[in-house]
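Here is a short briefing on one protein model. Look at the structure first, then read the points below.

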Amino acid sequence: MLIKTIHSWEIPESRATCEQVFLNRRRFLAAAGFAGIGIASGVRPGFASDDPTAALYPAKVNPAYADAGRKITPEAINTTYNNFYEFGTSKRISKAAEALVIRPWEIAFEGEIETPFKLQFDDLIKKVQLEDRVYRHRCVEAWSMTVPWSGFTVKQLVQLAKPNSNAKFVKFETFNNPEMAPGQKPSLFGSSYPWPYSESVTMAEANNDLAFMATGAYGKPLAKSMGAPIRLHLPWKYGFKSAKSINRITFTSERPKSFWEVLGPNEYGFWANVNPEISHPRWSQATERDLETGKKIPTVIYNGYGEQVASLYDGLKDELGAALFK
Ligand code: MTE
């Protein structure tokens, strides 16, 4: 399925993207063409100024997360350099993502919970404690930025859902609407991504204080390109875990298979955590490129959050070995 004539570390980082997992070169070019949307638009995509939650931002800064030890990445970079495959495989999808309709936005809570229910996003946000946190954000593609998020802990979401004792995992899913998001249309060449985008975590990961549902950034509701109106952010994991524009949350007893795991189980595993010592099969993870300065900086295990999360994996190390960090 893969045609790899050169190693990824021999190609520019801009081409070392996830889509190479399953698109051969021809399909890749075709996909880039059909998704050729919004290349270098230069237009700052935003949030709707009439967003009904706008007055909630900025939220109160949580002093424990006021400083991520790195300079905050300018908003204009964060809103225009994105991975959001629903709108195309290029990083420049911000204009295309303006097609995302974020109201009404209903979220379904399903699976191993007391009673399945649906909640409008605007009602959900009234039931939780919003706060501001600055987190480091490290993509598996070896770039990184530092983001001032607003949102609430995944732990609060779990409490709201009332999982039963069978619940072992939480699955987060994005919308599936090819009319709105052209990247979800089946490819002309018959290949297709396993939409909707989904990622899952263990209950222990979900209940870790770092696990965050982001609803805003830079003191306002989330920009569409960043995954409005609600996305996950797990700062100790590679960015692919942080599903955007979530509209279904399912508690399961079995471990679900996620989007990238289906496409490339050896490259984007369920257990993946940021680790400079375990190379991606096609490139090193020892350093990362800061998106603002372009400088390479050393990558730190668990993206520097080991004190809070390393114990989550203690009992699993022997069983899973490197799979924990692929
Ligand atoms: N969520 C959805 N629905 N679709 C995506 O393509 N890409 C993931 C993650 N969440 C993705 C997604 C990847 S690979 C990364 S690195 C981050 O979103 C990028 O988030 P950012 O664009 O806000 O930096």
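Phe109 is buried, at 0% relative accessible area. Buried means under 20%, exposed over 50%, and partly exposed in between, with a 1.4 Å probe and protein chains only. This is a predicted model: local features need pLDDT of at least 70, side-chain atom pairs need 80 or more, and totals for chains, interfaces and linings use all residues. Residues are numbered from 1 along each chain as its sequence is written, and side-chain values use heavy atoms, without hydrogens and water.

**Aromatic pairs**

- Phe117 is partly exposed, at 24% relative accessibility.
- The whole structure holds 21 aromatic pairs. Rings of Phe, Tyr and Trp (its six-membered ring) pair if their centres lie within 6.5 Å; planes under 30 degrees apart are stacked, over 60 edge-to-face, and the rest tilted.
- Phe109 and Phe117 are stacked, because their ring centres are 4.5 Å apart and their planes lie at 10°.
- Tyr193 and Trp260 pair edge-to-face, with 6.3 Å between centres and 75° between planes.

**Ligand contacts**

- Around the ligand are 17 residues; Tyr85, Glu86, Arg231, Ser242 and Lys244 come nearest. Being near takes a heavy atom within 4 Å.
- Polar contacts are pairs of N or O atoms within 3.5 Å.
- A polar side-chain atom of Lys244 sits 2.7 Å from a ligand oxygen.
- For His137, the distance from a polar side-chain atom to a ligand oxygen is 2.9 Å.
- A side-chain N or O atom of Thr174 lies 3.0 Å from a ligand nitrogen.

How values were computed: A polar contact is a pair of N or O atoms within 3.5 Å; within protein, one must be able to donate a hydrogen and the other to accept it, and residues adjacent in sequence count only if both atoms are side-chain atoms.
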